[in-house]
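The sequence and the structure come first.

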Amino acid sequence: MKSARLRRLYRNAVAPSLLPSEADFQYNWRMMAGAATAPIIRSDTLPELRRVLAKLPALREYLGDVLQVVLVLDACCVQSELRWRVGSRKNPAARTYLHEAMASSVVVAFAPIFLEVEIQKYISKIAEDEGVPVDRVHEEWNEFKVLIHFYEPAPSNQPGSSVDPKDMDYVQVLDQVNGDFIYTSDSDFLKMGARVMPSGLDRVLRDYARATTVILTIKLGSGFAMVVGGHVVYALAAFIADLIRKLPPILKVLLAACTTIALLHPDSRKRIIEFTHKVWRNVRVGFTSTLSSPAVRALVENASLAATSRKAVLDILPLKKGSPAIAFAHRVCQRAQGPLSHMQIAEQVKANGYVSRSRDFAPYLRRILRKDSRFSLTPEGLWTLRPDLTQF
């Protein structure tokens, strides 16, 4: 029921007729429904995980990067958020897709400074319409607005073409903070040619945040385990070698003789082999039972959801003005069905809007592809993205 309510809320907040449909994302919700609705680890921990990664650059290549989408919030959508929180929400812990994506830091939200004044102006009306005390609306607004970066755009010489002059401030904020989309239901933004967030992207971002938090937590833990485990094995081996080295010569000879006799004696050798087989059977049974456990199945679902939602986001994110050629090349390779030659990548980069000043763009592109660790060269001389760096 909660999921249906959230879908209805989004459809009311953002007119589907104005924006691309969810089908544009090529994102299979039914297959991932279980992982999307039952998070193992709250996505609120993702910001802390990002800080850990920032302090451990050695693990960054192993763990991959985490996407961030920059949105500019329109006042009408913020009002819809507040009305749902104080009027329709039954569970105080429930959150909209947008709110959870913001809390997880997958969405970085900006707004013009005047939006705060605009919301304050409507708080009394929201309280009256929803039948709640004004203090309740203030409380919800104060909790939500801490996730918003308020920004005063620099004056622009471009004449405003919108019906509402305030709309131009949103567009200027989007441009000046190098944002991705405006989160709005106002059709005037589309008339202005502004990048409006596609319908359904908030849910994709929420699911990406949840699944990525789980996978990143597991991978970070296993990374520490490998590092710590490696140190423990090395220390144990060094301790044993040092202990043997300190033995008197006669004891070293006796130890070597006992080991040789144990290996050569048929009965001793048989017991050693049986013991080794028994240990291996136990390890194999434990490994098989672990793979069949619900936790591992949930982990596999989250890994699939993280990859699917990441691709859906990358497929729709715009390449912003001033983006370097390597960013266009990265996008081309992400969307490609297989490896490409540097000539093919160069052609598609230009077709996607990149303007090059280089007379020999294809050789230049090949040089920067070689320097970027995200790309790998196949034995056939074609370029593709490294699979271990595209998991999140």
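At what angle do the axes of helix α5 and helix α7 cross? The axes of α5 (residues 75-88) and α7 (residues 114-130) cross at roughly 35° and come within 10 Å. Here axes are lines fitted to C-alpha atoms, for helices over the stretch in contact, and angles run from 0 to 180 degrees between N-to-C directions. The crossing of α5 past α7 is right-handed; a crossing is right-handed if the near helix is turned clockwise from the far one by less than a right angle, and left-handed if anticlockwise.

On the α5 side, the contact (heavy atoms within 4.5 Å) is made by A75, V78, Q79, L82, R83, V86 and G87. On the α7 side, L115, E118, I119, Y122, K125, I126, D129 and E130 take part. By class, the residues of this contact are eight nonpolar, two polar and five charged. Ala, Val, Leu, Ile, Met, Phe, Trp, Tyr, Cys and Pro count as nonpolar, Asp, Glu, Lys and Arg as charged, and the others, Gly among them, as polar.

The model is predicted, so local features need pLDDT of at least 70, side-chain atom pairs count only at pLDDT 80 or more, and totals for chains, interfaces and linings use all residues. Residues are numbered from 1 along each chain as its sequence is written, and side-chain values use heavy atoms, with hydrogens and water left out.

**The chain as a whole**

The protein chain has 17 helices and six strands. Helices (H or I, at least four residues) and strands (E, at least two) are DSSP runs, numbered from the N terminus. Of the 392 residues in the protein chain, 40% are buried. Buried means under 20% relative accessible area, exposed over 50%, and partly exposed in between, with a 1.4 Å probe and protein chains only. Among contacts between residues at least 6 apart in sequence, 72% join residues at least 24 apart.

**Helix α8**

Helix α8 (residues 134-145) has twelve residues, which at 1.5 Å a residue should span 16 Å; its end C-alpha atoms are 16 Å apart, in agreement. The expected span is 1.5 Å times one less than the number of residues.

Which residues of α8 are buried? They are V137, E140, W141, F144 and K145. These residues cover an arc of only 120° around the axis and therefore lie on the same side of α8, the arc being that of the directions from the helix axis to the C-beta atoms. An α-helix has 3.6 residues a turn, so residues three or four places apart point the same way. The buried residues of α8 pack against β1 (69-73), α5, α6 (97-103), α7 and β3 (148-151). On the face turned away from the buried side, D135 and E139 are exposed.

**Helix α15**

In helix α15 (residues 325-335), nine of the eleven residues are buried, so the helix is largely enclosed by the rest of the structure. The buried residues are A325, I326, F328, A329, H330, R331, V332, C333 and Q334.

**Individual residues**

Most residues other than glycine have a negative phi. S105, in the loop between α6 and β2 (107-112), has a positive phi near 75°. N178, in the loop between α9 (166-176) and β4 (181-183), also has a positive phi, near 55°. R95 is in the loop between α5 and α6; R95 and R85 are ten residues apart in sequence and 8.1 Å apart in space, C-alpha to C-alpha.

| Residue | Relative accessible area and class |
|---|---|
| K125 | 43%, partly exposed |
| S105 | 15%, buried |
| N178 | 37%, partly exposed |
| R95 | 14%, buried |
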